[in-house]
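Here is a short briefing to read alongside the model.

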Amino acid sequence: MNKRMYELGSRRSVIRETFEFGKKRAAEVGAENVFDFSLGNPSVRPPQIVTDTLTELLKTEEPTALHGYTSAQGDAGVRAAIADFIRKTHGAAADADFIYMTCGAAASLTITLSALCESGDEVITFAPYFTEYKVFTETAGAKLVALASDPDTFQINFSVLEKAVTEKTRAVLVNSPNNPSGVVYSEETVKKLAAMLEKKSAEYKKTIYLITDEPYRELVYGGVKVPYLPNYYKHTVVCYSYSKSLSLPGERIGYIFVSPQADAAKELYLAVCGAGRALGYVCAPSLFQKMIARCQGAVSDVSVYEKNRDLLADALRSYGFSCVQPDGAFYLFVKSPEPDASAFCEHAKKYNLLLVPGDDFGCEGFVRIAYCVSTDMIRRSLPAFAALAKEYFA
Ligand code: PLP
C-alpha cells in the first residue's frame with residue numbers, strides 16, 4: 001500500500017482524537033458534564049428556507065432530476081444562479097463557465113491545489129492555518145510554506161512574506177475569517193497583499209495565484225466587512241463552502257470560482273475540471289446543488305455565535321486568559337498559560353474541558369476553543385474554566 005496514505009489514515013488529527021475522547025468521557029460522567037469545544041460543527045439550525053426548499057424539491061421534482069448525475073462540473077442552472085449572486089452581491093465579473101460545484105471547501109481546496117501545482121511548487125500560507133492545508137498541498141505534489149503572522153493581530157506580516165515569495169511560489173492561500181484565530185483580514189491587508197503579489201509576479205515573470213478559502217465568509221460580527229478578493233487581485237480562485245454559512249457540513253456542498261479575469265482563466269478552469277475528474281470529485285450532490293440555487297444569500301442565525309463569543313471571551317479574559325478578538329468564524333485562539341499547549345489541554349481534561357492545542361495549526365503556545373456549541377453549554381462550562389485558570393493565574 002501507499003506508505004503516506006497509510007500514515008495519514010493511521011494518525012488521526014488531534015481534533016478528531018479530542019472529539020472521540022469526549023464521547024468516551026460522556027459515557028463515563030454524563031454528556032452534560034463534558035464541555036467539548038473541539039469540533040467546528042455548527043450548533044445553529046439551518047435557515048428555514050433550506051428545510052422548506054428541500055421539502056419542496058422532494059415533493060415536486062422528478063427523482064431522476066433530483067438524485068441523478070449532473071454535469072461533472074455541476075448543474076448549469078445552479079452554476080448560473082451562483083454566478084448571478086456573485087455579480088450582484090460582490091460586483092465581481094462572474095460566469096457559470098468558471099464555477100465548479102464541489103463537496104465542500106475540502107474538495108474545493110484539493111481540486112484547486114491539484115489544478116494549479118506541479119511537483120516542486122510552493123504554496124504560501126499564514127499561521128495559524130487550517131490543519132489540513134499541509135495534507136492537501138502535499139497531495140497535490142507541492143510544498144506548504146507556512147509563515148508566522150503578526151503575533152499581536154494575526155494579520156499578515158509583509159516583511160516575512162516579501163522574503164518568502166520565490167520563483168517556486170505557485171500560489172498564496174488565505175483564510176479570512178480565519179480558523180482558528182477568528183481574525184478577518186482588513187481591506188488594508190488585502191490591498192497590500194494584492195500589491196505584493198502583483199510586484200512579485202512581475203519580478204519572477206510568472207502569475208502567482210491567490211487561493212481564498214471561504215467557509216466562514218458570512219460568519220462575521222459587529223458589521224465587519226470581508227473584502228471580496230477577486231475585486232482586489234484578479235488572479236484569484238475562490239474556494240467556497242456552505243458547510244458553516246448554512247450549517248450543513250455533513251451534506252458536502254460548495255464550489256470553486258475561478259475569476260474570469262485571472263491569467264489563463266479558461267485553461268485554469270479546465271485544469272480544475274481535470275483535477276475534479278482525476279480525484280473523483282465530479283457531480284456534487286444533486287439535491288443539495290438544486291437547493292443551493294434557490295437559497296443564495298440565506299445564512300444561519302449568526303447572532304447566536306456572536307453571543308457565545310462575547311460570553312466566553314469576556315469570561316476567559318476576566319479569569320486571566322488572553323486572546324485576539326475574533327471578528328468572525330466561531331473560534332477563540334487563546335494563549336496557553338504554559339508553553340506546552342498540549343500539556344495545558346491535557347490538564348484541562350481534568351475539568352472535562354476539551355480544547356485543541358494550536359501546534360497542528362502551525363502556532364505553538366495557543367489553544368483553539370470552538371464556540372459553535374450551545375450557549376447553555378458555555379454558561380455551564382464557566383466554573384470549570386475559572387477553576388482551571390486559578391491553577392495558573394492565582
Ligand atoms: N477550510 C477551513 C478553514 C475549515 O475550517 C474547514 C472546516 O472546518 C474546511 C476548509 C473544510 O470545510 P468543508 O466542510 O466545507 O469541507
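Ser-243 places a polar side-chain atom 2.8 Å from an oxygen atom of the ligand, a polar contact in the sense of a pair of N or O atoms within 3.5 Å (within protein, one must be able to donate a hydrogen and the other to accept it, and residues adjacent in sequence count only if both atoms are side-chain atoms). Please keep in mind that this is a predicted model, in which local features need pLDDT of at least 70 and side-chain atom pairs count only at pLDDT 80 or more, while totals for chains, interfaces and linings use all residues. Residues are numbered from 1 along each chain as its sequence is written, and side-chain values use heavy atoms, with hydrogens and water left out.

**Around the ligand**
- Tyr-216 has a side-chain N or O atom 2.7 Å from an oxygen atom of the ligand.
- With Ala-105, a polar backbone atom is 2.8 Å from a ligand oxygen.
- The ligand has 13 residues around it, and Asn-179, Asp-213, Tyr-216, Ser-241 and Arg-252 come nearest; to be near, a residue needs a heavy atom within 4 Å.

- Helix 11 (residues 286–294) has seven of its nine residues buried, so the rest of the structure largely encloses it. Buried means under 20% relative accessible area, exposed over 50%, and partly exposed in between (1.4 Å probe, protein chains only).
- Helices (H or I, at least four residues) and strands (E, at least two) are DSSP runs, numbered from the N terminus.
- The buried residues of helix 11 are Ser-286, Leu-287, Phe-288, Gln-289, Lys-290, Met-291 and Ile-292.
- Their cover includes helix 3 (48–60), helix 4 (63–67), helix 5 (76–90) and strand 2 (99–102).
- Thr-53 belongs to helix 3 and is buried, with a relative accessible area of 9%.
- Beyond residues up to four places away in sequence, Thr-53 touches Met-291, Arg-294 and Cys-295, where contact means heavy atoms within 4.5 Å.
- A polar side-chain atom of Thr-53 lies 2.5 Å from the backbone oxygen of Ile-49.
- Asp-52, also found in helix 3, is partly exposed at 42% relative accessible area.

**Val-174 in strand 5**
- Val-174 sits in strand 5 (residues 169–174) and counts as buried at 2% relative accessibility.
- Leaving aside neighbours within four places in sequence, the contacts of Val-174 include Phe-126, Tyr-133, Tyr-185, Leu-210 and Asp-213.

**Pocket and cavities**
- On a 1 Å grid over the protein atoms alone, a cavity is a set of points where a 1.4 Å probe fits but cannot get out, and a pocket is an open set with protein on both sides within 12 Å along at least five of seven lines; lining residues have an atom within 4 Å of a point.
- The largest pocket has a volume of about 1,200 Å³, where volume is the space filled by probe spheres set on the grid points, joined across faces, edges and corners.
- Its lining has 40 residues, with Ser-13, Ile-15, Phe-130, Thr-131 and Glu-132 nearest the centre of the largest pocket.
- Helix 7 gives the largest share of that lining, five residues.
- The structure holds four cavities of 30 Å³ or more, and the largest cavity has about 40 Å³ of space.
- Among the residues lining the largest cavity are Ser-176, Tyr-185, Glu-214, Arg-217 and Leu-229.
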